[in-house]
Protein chains: 2
Amino acid sequence: MNLPNKVKIVEVGPRDGLQNEKENVPADVKIELVNRLTAAGFANIEAASFVSPKWVPQMATSAEVMAGIARKPGVIYSALTPNMQGFEAALAAGAHEVVIFGAASEAFSQRNINCSIAESITRFEPVAKAAKEHGLRLRASVSTAFGCPYQGDVPLESVAYVVARMRDLGCDEIDIADTIGVATPRKTQAVMQAAIGEFRIDGLSGHFHDTYGQALANIYAALELGISIFHSSVSGLGGCPYAKGATGNVATEDVIYMMNGLGIETGVDLDAVVDAGDFISRFLGRKGASRAGNALLAKRAG
Amino acid sequence: MNLPNKVKIVEVGPRDGLQNEKENVPADVKIELVNRLTAAGFANIEAASFVSPKWVPQMATSAEVMAGIARKPGVIYSALTPNMQGFEAALAAGAHEVVIFGAASEAFSQRNINCSIAESITRFEPVAKAAKEHGLRLRASVSTAFGCPYQGDVPLESVAYVVARMRDLGCDEIDIADTIGVATPRKTQAVMQAAIGEFRIDGLSGHFHDTYGQALANIYAALELGISIFHSSVSGLGGCPYAKGATGNVATEDVIYMMNGLGIETGVDLDAVVDAGDFISRFLGRKGASRAGNALLAKRAG
């Protein structure tokens, strides 16, 4: 079995992670977190979201964060942009990549944004066009690709459809996301194959949640197909909005530990990630959700 | 990739799990736990350990537990037997299977039992012989097969050597154990291949710890080789004796969730395991360590 020699880990903790935290995290803490993650070696950090602060108050400081971070040349700092207003703000803030999104589940789309999948993607056309005009990278996130909290199963054809639409919008990268963490390895491979049928494999990424403890097994199964981009959240920041007290985004430390063990290059220093996870967990006043992180901290403490 | 259609999950929570818990668990609680696990459908439960109570006070009630449980015909109730005294006690208690053990790491053997690997196995000869004479199943656990807290790397040849010695003692089943949870999927396959070289594959089991979050990925990698017996601990009971506050045995709920998703038959009812995990976690006064368990409990709570 040939696994990729090298993968890109997209660190989503500062945005996707913190967005789901109840505790308000001030801009200077977020800046420190992003700076630590930059120093740890990530090539891509999801740092901000230019959504209405009415809907996501945790992200109200996004412009401040983007202005305050110490950028390292070559590192891509991404921002979520739900509409043209968000795009203009991301552009002004110097985001290198804007992220648009759509659900693979029709029920999820209807319940979350009150419109069909097709319509939700059409709404992103101006953002996609503007990103191209301004030379920004364009990424799309396809949520509920492995299962939906409302409709349960999500047909593979729906995943393929959304991936094809996002491709046609000119996306450089497309995330296949297990929003509720229900995937297992065979399902992972089936859904990823559906996406591979519509988009070049080196532009596809796996965004797995560890809600049922399956994320690393799924990442391994995706690696076996040749997927080479994965999302993770330092210290497992974020939790699961669909099951209180359950785990959300897979923890970056666990992913890096596995990649190191597999001899797959990430460019990321695990100890520095453990430090960053410890920093933000202390701020949030709780034990981190990364197993590798907790084990390595325990080992350090002797 | 052909995975097995069916696997045996050996539930080790009542022994390997509780043995590492600080809180004293009275016999009636253990009996209730074993009865719940029996009802959940496990074909094999590690229920007792006939070691000196001086060394492992948590196991002092083993005879009482074995006498008190409601046995289901066909279910194997196993007991750890470090020596002939332990064997006699296990026999008297009606254990169906006795478990002997050895380390694959020379340093671990020396530090833990003050003798070489070879010597430690020789000491089990009378127990192995007695088990055969009395028609009891004989199982061997090979610890530190993937790494050692003292010597670090463990040569594949050491694993093969211990497996061969245990085979020659007449073992029916041999566990390959990642005592400190350091394995990743490729390493898992390499170590398992070394064991497969010395013993029939349908008698080999994978005993993985989730200390670094890798257990399910490793189990999946072992399934790909055709390994069809796995150990797990309800609610992740046990913790890691080598890193305080870190995770130990992989949680049964997470394993069953994956097997269900893979369409692999276990004979175990996941909801009943979640209930058993909730029962013992409440007794211990803490949140369980199973991600699937916590997510399913959160879903039930709505």
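At what angle do helix α10 and helix α11 of chain B pack, and how far apart are their axes?

Mentor: This is a predicted model, in which local features need pLDDT of at least 70, side-chain atom pairs count only at pLDDT 80 or more, and totals for chains, interfaces and linings use all residues. Residues are numbered from 1 along each chain as its sequence is written, chains are lettered from A and ligands numbered from 1 in the order in which they are written, and side-chain values use heavy atoms, with hydrogens and water left out.

Helix α10 of chain B covers residues 215-225 and helix α11 of chain B residues 252-262; the two pack at an angle of about 45°, with axes 11 Å apart. Helices here are DSSP runs (H or I, at least four residues; strands are E, at least two), numbered from the N terminus. Axes are lines fitted to C-alpha atoms, for helices over the stretch in contact, and angles run from 0 to 180 degrees between N-to-C directions. That angle makes α10(B) oblique to α11(B); under 35 degrees counts as roughly parallel, over 145 as roughly antiparallel, 65 to 115 as roughly perpendicular and the rest as oblique.

The crossing of α10(B) and α11(B) is right-handed, meaning that the near helix is turned clockwise from the far one by less than a right angle. From α10(B), the contact (heavy atoms within 4.5 Å) is made by B:Leu216, B:Ile219, B:Tyr220 and B:Leu223. From α11(B) come B:Asp254, B:Val255, B:Met258, B:Met259 and B:Leu262. By class, this contact has eight nonpolar, no polar and one charged residues; Ala, Val, Leu, Ile, Met, Phe, Trp, Tyr, Cys and Pro count as nonpolar, Asp, Glu, Lys and Arg as charged, and the others, Gly among them, as polar.

As for chain A, there are 13 helices and eight strands.
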